[in-house]
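Look over the sequence and the model below. The paragraphs after it go from one residue to the whole chain.

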Amino acid sequence: MTDVQLGMPELPAPDYPADVRARLAADAEEIIARYPDSRSALLPLLHLVQSEEGHVTRTGMRFCAETLGLTTAEVTAVATFYTMYRRKPSGDYQVGVCTNTLCAVMGGDAIFEELKQYLGVGNQETTDDGKVTLEHIECNAACDFAPVVMVNWEFFDNQTPETAKRLVDDLRAGRPVEPTRGARLCTFKETARILAGFPDPRPDAVEATGGAGPASLIGLKLAKGEALPPRIVHPRGETKGGGQAPGGDTRHDGTPQDSAPHDGTPHDENTEGE
C-alpha cells in the first residue's frame, strides 16, 4: 500500500534551544501586544520564526501554536496557504521573476528559463552555495517597468536575460547590488524580521522608496480632471515616416524598444517638464 502524504508536519516537533526560545518569546510578546485578539498575530509570528531559520520549520510552527494557544493544524493551515512562508531551506536571496501576463510577454518567461539553465536549479530550488533561491512569481504591480525581477521583495526593473544573469552573479559573489527602486538589499532572514513588524535597521530605508511610473499615473491624472496632451502611437520601432526609431534599445528577441534610464524612471514624452 502506498503511503499517503497529507502535508502535515511530523509530531512532536523539537523545541528551540532555551536561549533562542526566550529571545523569540520576548519578540512574540511585543508582536501580540499590537492586536486585540492574540490569534491575529499569527502572520507576523510566522515571519518571526522564518527570520530565525530562513524558513518555517516544524519547530517554528510549534512555537507559534504554543504561544497563541492554537493547534499545530491551525498554524500549518496558514503557513501552507501563503507563498511568502517557505517550507524548506531557502537561499540568502529570493530571486523572483514575474511571469504574469505583461511581464511574460515582455520577456519574463525568457528570463526565468534562462536563469533556470544558468543557475542549474528549478522553480523554488536553491543553488548549491545557498545564496540564491529562484522562483516565478505573480504580478508585482509594476507593469510599467516590465519585465520585473524582485530580490527579497526589492525591485529590479526593465530586466533582460543578460542583466538578470549579471544580477545573480553579483549576489553569489557578494558584490554590492542596488535595486532600481527602494532600500538597499538585505538577506532573506533580515527581510522576514522586517515583515514581522520590527524596525528596518537599514540606513535611510524608509526614505528610499519608489513610486509608480508615468504609465501607471495616467489614469490618476484623468480621474483628477487633468488634461493630457494628445499622443500618436506608431508601430514599435517606427517613426512617423516609417523608418527605424533612433536611440531604441533592442530586446533579447530582436525587437526594438524605447530606451529607459536604469534608475527605474521610464521615459515618457507626456511627462517631460513636469
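Thr72 lies in helix H4, which spans residues 72-79; helices (H or I, at least four residues) and strands (E, at least two) are DSSP runs, numbered from the N terminus. This is a predicted model, in which local features need pLDDT of at least 70 and side-chain atom pairs count only at pLDDT 80 or more, while totals for chains, interfaces and linings use all residues. Residues are numbered from 1 along each chain as its sequence is written, and side-chain values use heavy atoms, with hydrogens and water left out.

Thr72 has a relative accessible area of 23%, so it counts as partly exposed. On this scale buried means under 20% relative accessible area, exposed over 50%, and partly exposed in between (1.4 Å probe, protein chains only). Thr72 and Arg58 are 14 residues apart along the chain, and their C-alpha atoms are separated by 9.1 Å.

Helix H3 covers residues 58-68, and its buried residues are Thr59, Gly60, Met61, Phe63, Cys64, Ala65 and Leu68. These buried residues pack against helix H1 (18-32), helix H2 (42-53) and H4, where contact means heavy atoms within 4.5 Å. Just after H3, Gly69 takes a positive phi of about 70 degrees.

The largest nonpolar core has 24 residues, and Leu46, Leu48 and Val75 touch the most other members. H1, H2, H3 and H4 each supply at least two residues of this core. A nonpolar core is a set of buried Ala, Val, Leu, Ile, Met, Phe, Trp, Tyr and Cys residues joined through side-chain atoms within 4.5 Å. Another core, of 19 residues, lies apart from the largest one, and among its residues are Ala164, Leu167, Val168 and Leu185.

With neighbours within four places in sequence left aside, Leu48 is in contact with Leu24, Asp27, Ala28, Ile31, Arg193, Ala196 and Phe198. Asp27 is found in helix H1. Is Asp27 buried or exposed? Asp27 counts as buried because its relative accessibility is 12%. Again leaving aside neighbours within four places in sequence, the contacts of Asp27 are Leu48, Arg193 and Phe198.

On the surface, Leu43, Phe81 and Tyr82 form a nonpolar patch with about 320 Å² of accessible area together. Patches are made of residues with over 30% relative accessible area and no salt bridge, with like charges joined within 9 Å and nonpolar side chains (Val, Leu, Ile, Met, Phe, Trp, Tyr) within 5 Å. A salt bridge is a side-chain nitrogen of Lys or Arg within 4 Å of a carboxyl oxygen of Asp or Glu. Accessible areas come from the Shrake-Rupley method with a 1.4 Å probe; for residues, only the protein chains shown count as cover. Phe81 is in the loop between H4 and strand S1 (93-98), and at 62% relative accessibility it counts as exposed.

How many disulfides does the structure hold? The number is zero, a disulfide being a pair of cysteine sulfur atoms within 2.5 Å. Cys98 is in no disulfide, and the nearest cysteine sulfur, that of Cys103, is 3.6 Å away. Cys98 has 3% relative accessibility and so counts as buried. Cys143 is also in no disulfide; its nearest cysteine sulfur is that of Cys139, 4.1 Å away. Cys143 is partly exposed, with a relative accessible area of 38%.

The chain as a whole has eight helices and seven strands. Of its 274 residues, 39% are buried. The accessible surface comes to about 15,500 Å², and 53% of that belongs to carbon and sulfur atoms.
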